[in-house]
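The sequence and structure come first, and the description follows.

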Amino acid sequence: MTGTMQSPLLEIDDLSVHFTTRRGVVQAVRGVSLSIGKGQTLGLVGESGSGKSVTAQAAMGLVHVPGEIAGGDIRWKGRSLLGPQGKAYARRVRGREMAMIFQDAMTSLNPLFTCGQQIGEVLRHHMGMTKRQARVRAKDLLDLVGINAPDRRLDQYPFELSGGMRQRVMIAMSLACEPELLIADEPTTALDVTIQAQILELLIDLQQRLGLSVIMITHDLGVVAGLCQEVAVMYGGRVVEQGPADDLFGQPAHPYTMGLLRSTPRLDGAQDRLVSIDGNPPDLLHPPVGCAFAARCPASEAVCQSDPAIGPVAPGRRVACHRPFQGPWARTPAPNATKADRTVAYGAR
């Protein structure tokens, strides 16, 4: 898990999520286990289709037909959110104690209602506020996330705001009930680089001020470098490596993690050129029998035809690989690979 002694807020245990399509059953998430404690920031990284967003949607109860949770458990403060007994508890928790920011605010916000109405609806539903109380609180939330002239913005519709301001409204909605955990699913994807940096700085500031736990879902290692304490790398619907960000950036243990790092621009000039990962991700309609990364791995051997179980390889680190820290992709630990160092090297662009 996350390598912390405190009791976790959210635990995802051996989770599997399937989607039934005309072509067959897509095994989108296959045996994922994660946890996050109070005040922690966990980065969930990987290529598109690796299962990051589906894992988060399952935690938020957003997997519906044709999708289904095919196995495993999701627990909040030790209590299951699944099954008949967990559903009532889940309704109280989701949206109030744990909230989610979606990647495209334009499609997530309702174009027929003003920003104030949408934030107010959350407050009235979960907090039992009156219409007047909700409006006052909504104004305070817009001010909290750095939107100027919040009185005027309350009465504006989403299409009247810029992309960055719409994303700030989404963040304000997610913070309305003062949640303990915030799941951010690619919150900067549709924004230009300047606005991306502002949104990330806002999330960092809010986490420090409010003591939030944050799960940051992204394919951008620059975002992870500047924000996350812990990183879980997903590939083919599974977690293939997890550990402290300092260790993972300093000495990746899985060849896929190394591939991601080598294909990411460095800002410190330590890498002459980018190296792409050859091949394509596996088809999760027909998942490979052995290691899902074997067909793309430069260190693949006969043993990789068997499925490597994820397990501990160093204090606080888990890897699903038969040859962790080995092969032509491996490298020695970077000296003093602290958050400041990795931010200089990969920092959000």
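## Helices α5 and α7

Helices α5 and α7 cross in the right-handed sense; a crossing is right-handed if the near helix is turned clockwise from the far one by less than a right angle, and left-handed if anticlockwise. The contact brings together R137, L141, L142 and L144 of α5 with V169, A172 and L175 of α7, where contact means heavy atoms within 4.5 Å. Sorted by class, the contact of α5 with α7 holds 6 nonpolar residues, no polar ones and 1 charged. Here Ala, Val, Leu, Ile, Met, Phe, Trp, Tyr, Cys and Pro count as nonpolar, Asp, Glu, Lys and Arg as charged, and the others, Gly among them, as polar.

The model is predicted: local features need pLDDT of at least 70 and side-chain atom pairs count only at pLDDT 80 or more, while totals for chains, interfaces and linings use all residues. Residues are numbered from 1 along each chain as its sequence is written, and side-chain values use heavy atoms, with hydrogens and water left out. Helices (H or I, at least four residues) and strands (E, at least two) are DSSP runs, numbered from the N terminus.

The axes of α5 and α7 (residues 163-175) come within 9 Å and cross at roughly 125 degrees. Axes are lines fitted to C-alpha atoms, for helices over the stretch in contact, and angles run from 0 to 180 degrees between N-to-C directions. α5 and α7 are therefore oblique to each other; angles under 35 degrees count as roughly parallel, over 145 as roughly antiparallel, 65 to 115 as roughly perpendicular and the rest as oblique.

## Helix α4 and its two partners

Helix α4 (residues 115-127) packs against α5 (residues 131-144) at an angle of about 120 degrees, with the axes 9 Å apart. The pair α4 and α5 is therefore oblique, and the crossing is right-handed. From α4, residues I119, G120, L123 and R124 meet K131, A134, R137, A138, L141 and L142 in α5. These residues of the contact of α4 with α5 divide into 6 nonpolar, 1 polar and 3 charged.

With α7, the axis of α4 comes within 9 Å and crosses at roughly 20 degrees. α4 and α7 are therefore roughly parallel to each other, and α4 passes α7 in a right-handed crossing. The residues that meet are C115, Q118, I119 and V122 in α4 and V169, A172 and M173 in α7. The contact of α4 with α7 has 6 nonpolar residues, 1 polar and no charged.

## The sheet of 4 strands

An open sheet of 4 strands has the order β2-β1-β4-β5, and the pairing is antiparallel. Two strands pair if DSSP finds at least two bridges between them. Strands β2 (24-36) and β5 stand at the edges with a single partner strand each, so one side of each lacks a neighbour in the sheet. Helix α1 (residues 52-59) packs on this sheet and touches β1, β2 and β4; the direction of α1 makes about 110 degrees with that of β1.

Strands β1 and β2 are joined by 10 bridges, and V17 stands opposite V29 in β2. Strand β1 (residues 10-21) also pairs with β4 (residues 67-76) over 8 bridges, with H18 opposite E68 in β4. Between β4 and β5 (residues 79-80) there are 2 bridges, and W76 faces R79 in β5. β4 and β5 form a hairpin with 2 residues between them, and K77 in the turn has a positive phi of about 55 degrees.

## D73 in strand β4

D73 lies in β4. The side chain of D73 makes polar contacts with the side chains of R75 (3.4 Å) and S80 (2.7 Å). A polar contact is a pair of N or O atoms within 3.5 Å; within protein, one must be able to donate a hydrogen and the other to accept it, and residues adjacent in sequence count only if both atoms are side-chain atoms. Leaving out residues up to four places away in sequence, D73 touches E11, I12, D13, S80 and L82.

## The sheet of 8 strands

Another open sheet consists of 8 strands in the order β6-β7-β8-β3-β9-β10-β12-β11, with mixed pairing. Strands β6 (98-101) and β11 (311-314) are the edge strands, and each pairs on one side only. Strand β3 (residues 41-45) runs parallel to β9 (residues 230-235), joined by 4 bridges; V233 in β9 is the bridge partner of V45.

Helix α1 lies across β3, β6, β7 (181-185), β8 (213-218) and β9, at about 145 degrees to β8. Helix α11 (residues 255-262) lies across β9 and β10 (238-244), running at about 105 degrees to β9.
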